[in-house]
Amino acid sequence: MAMTSGTQQEIPWSAIFETGNAELDAQHIRLLENSNRLKNLVNKGGSWDEIRASVATLVADCIEHFQCEERVLLQTKFPRYKEHVAQHHRIVAKLQELAATVADVDGSDPQHRKMIDSLDLTLVDIIVRHDLDYKSHLLNEAGL
């Protein structure tokens, strides 16, 4: 199998990603691990069936994470809860569209593997820009 033209680098977990909620942080770690596993599959020319399954797992884990996060934010009365949930809906739609595209192609075109790159941007957006929006709120709620 052909590899992508540019080898994707793994995103390591960093303390700067921590939100102050152990459950959400554990989910973020799992999302990064799944993303890194997917990158390795793509970089090493893994089978399209493996890549397809890995994408589906990552999308399912993101959706599960969002559901958990929404419960936490509702319980802690996050002031931008509705806006945050609306962002979740936009991200889920984007992820589901990508997963459907991955499911509909056979992986024979190098562009099929290249489209996996957008998952990185989405994951970084979820953890760094999107979820850290509530970090100070959760730390304040925890009395830290």
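Reader: Where is the place of Gln 27?

Author: Gln 27 sits in helix α1; helices (H or I, at least four residues) are DSSP runs, numbered from the N terminus. This is a predicted model, in which local features need pLDDT of at least 70, side-chain atom pairs count only at pLDDT 80 or more, and totals for chains, interfaces and linings use all residues. Residues are numbered from 1 along each chain as its sequence is written, and side-chain values use heavy atoms, with hydrogens and water left out.

Reader: Is Gln 27 buried or exposed?

Author: Gln 27 is buried, its relative accessible area being 8%. Buried means under 20% relative accessible area, exposed over 50%, and partly exposed in between (1.4 Å probe, protein chains only).

Reader: Which residues does Gln 27 touch?

Author: Not counting residues up to four places away in sequence, Gln 27 touches His 65 and Cys 68. Contact means heavy atoms within 4.5 Å.

Reader: And what does Asn 34 touch?

Author: Asn 34, also found in helix α1, touches Ser 54, Thr 57, Leu 58 and Asp 61, again leaving out residues up to four places away in sequence. Asn 34 is buried, with a relative accessible area of 7%.

Reader: How many Å apart in space are Gln 27 and Ser 54?

Author: They are 16 Å apart, C-alpha to C-alpha, and 27 residues apart in sequence.

Reader: Turning to the helices, at what angle do α1 and α2 cross?

Author: Their axes cross at roughly 165° and come within 10 Å. Axes are lines fitted to C-alpha atoms, for helices over the stretch in contact, and angles run from 0 to 180 degrees between N-to-C directions. α1 and α2 are therefore roughly antiparallel to each other, a term for angles over 145 degrees.

Reader: What residues make up the contact of α1 with α2?

Author: They divide into 11 nonpolar, 7 polar and 6 charged. Here Ala, Val, Leu, Ile, Met, Phe, Trp, Tyr, Cys and Pro count as nonpolar, Asp, Glu, Lys and Arg as charged, and the others, Gly among them, as polar.

Reader: How many residues has the largest nonpolar core?

Author: The largest nonpolar core has 27 residues, and Leu 38, Ile 51 and Val 102 are among those with the most contacts inside it. Such a core is a set of buried Ala, Val, Leu, Ile, Met, Phe, Trp, Tyr and Cys residues joined through side-chain atoms within 4.5 Å.

Reader: Which helix gives the largest share of this core?

Author: α2 does, with 7 residues.

Notes: Helices (H or I, at least four residues) and strands (E, at least two) are DSSP runs, numbered from the N terminus. Angles under 35 degrees count as roughly parallel, over 145 as roughly antiparallel, 65 to 115 as roughly perpendicular and the rest as oblique.
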